[in-house]
Amino acid sequence: MIHYSIVPLDDIYQGMDSFSPNYMEITVQGVTMQVEPVGGFQARIVRLHSCNPQDYLNTRYAPGTMITYSPDLSAT
Amino acid sequence: MAETKQQEPATEEGKKNPALENIQQLGQTSTPPTGESNIFCLTIIGQVEGHIVLPPQNKTTKYEHIIPQLVAAEQNPKIEGVMIILNTVGGDVEAGLAIAEMISTLSKPTVTLVLGGGHSIGVPIAVSANYSIIAETATMTIHPIRLNGLVIGVPQTFEYLDKMQERVTRFVTKHSHVSEEKFKELMFKTGELTRDIGTTVIGADAVKYGLIDQVGGIGEAIMELNQRIDEKRKAAMTAANGVLV
């Protein structure tokens, strides 16, 4: 991949070796998404995996938004 | 991590009852929604993030979120125009060009507004719309692409780099009024940037070089977009009338 930016590459990739995020995949109201748990039942949305383009217009599911989720035990 | 702001065109909840009310009261299923924008505003800020998830100190715009948003904007009948606001320092070439290609091929009117900065890969994104506007103080840095990672010192490396650069140059010259010679001259200029070759183009200069169409702000951008939406509506009306007659 080629990075074309005015920010020096050292600054962009700083902390890359220690950067190991703990992502998990959950489904919220039918929308599958990748989230980063931040403790409790709160998580920060990383990206959506939905195939419905309209989901991407929903500001509640924008990357960086915090969501509250609870484990669904009925499926197991 | 990524911050994208956009207006929400429609939520599904609570839509059924108003629709029913409309049928009962007005004899039609949908009425022009009040307070709902017909413009979709897309902000591209920070780094354009590509295939590698960048460490958290970077403020990024994720292309895998932007692309479906553009698909949704194209498909959603309530959205009549797309406004792209840029304040980016550049980013991944593939991701940036993907966004630029998506914007340039939208059938709905598009206007870009460069605020603050539209650097490096932000340049093709800035010129991708039907009409581009730059704020008076906004800057665009045009500089050569650099290779990172393992670089083998063979002629093929240079050829590859040249090809990658050509993609950016070709897109920019195709979608703006800048000539290839002028763009390359700006790209390889020495003595302008402290630690690099290239040029920083500020506001009016971008217009002078033909890169951007106009100097202005949000007022001009919305006015231009509304004008283009109106023209498109009128064209659709006359086309429809022509078929009927």
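A salt bridge here is a side-chain nitrogen of Lys or Arg within 4 Å of a carboxyl oxygen of Asp or Glu. The model is a predicted one: local features need pLDDT of at least 70, side-chain atom pairs count only at pLDDT 80 or more, and totals for chains, interfaces and linings use all residues. Side-chain values use heavy atoms, without hydrogens and water.

**Exercise 1.** Find how many salt bridges link chain A and chain B, and name the partners.

*Solution.* Start with the count between chain A and chain B, which is one salt bridge. Then name the pair: Arg47(A) joins Glu64(B), with the closest N and O atoms 2.4 Å apart.

**Exercise 2.** Describe the extent of the interface between chain A and chain B.

*Solution.* Begin with contacts (heavy atoms within 4.5 Å): 33 residues come from chain A and 48 residues from chain B. Next take buried area, the accessible area (1.4 Å probe) that two parts lose on being put together, summed over both. The two chains bury about 3500 Å² between them, 61% of it on carbon and sulfur atoms. Finally, look at chain A: Ile2(A), Tyr4(A) and Leu57(A) lose the most area to chain B, together 27% of what that side buries.

**Exercise 3.** Which residue lies over the face of Tyr61(A), and at what distance from the ring centre?

*Solution.* First, the rule: a charge sits over a ring if NZ of Lys or CZ of Arg is within 6 Å of the ring centre and within 35 degrees of the ring normal. Now apply the rule: the residue is Arg60(A), at 5.7 Å from the ring centre.

Key
Residues are numbered from 1 along each chain as its sequence is written. Chains are lettered from A and ligands numbered from 1 in the order in which they are written.
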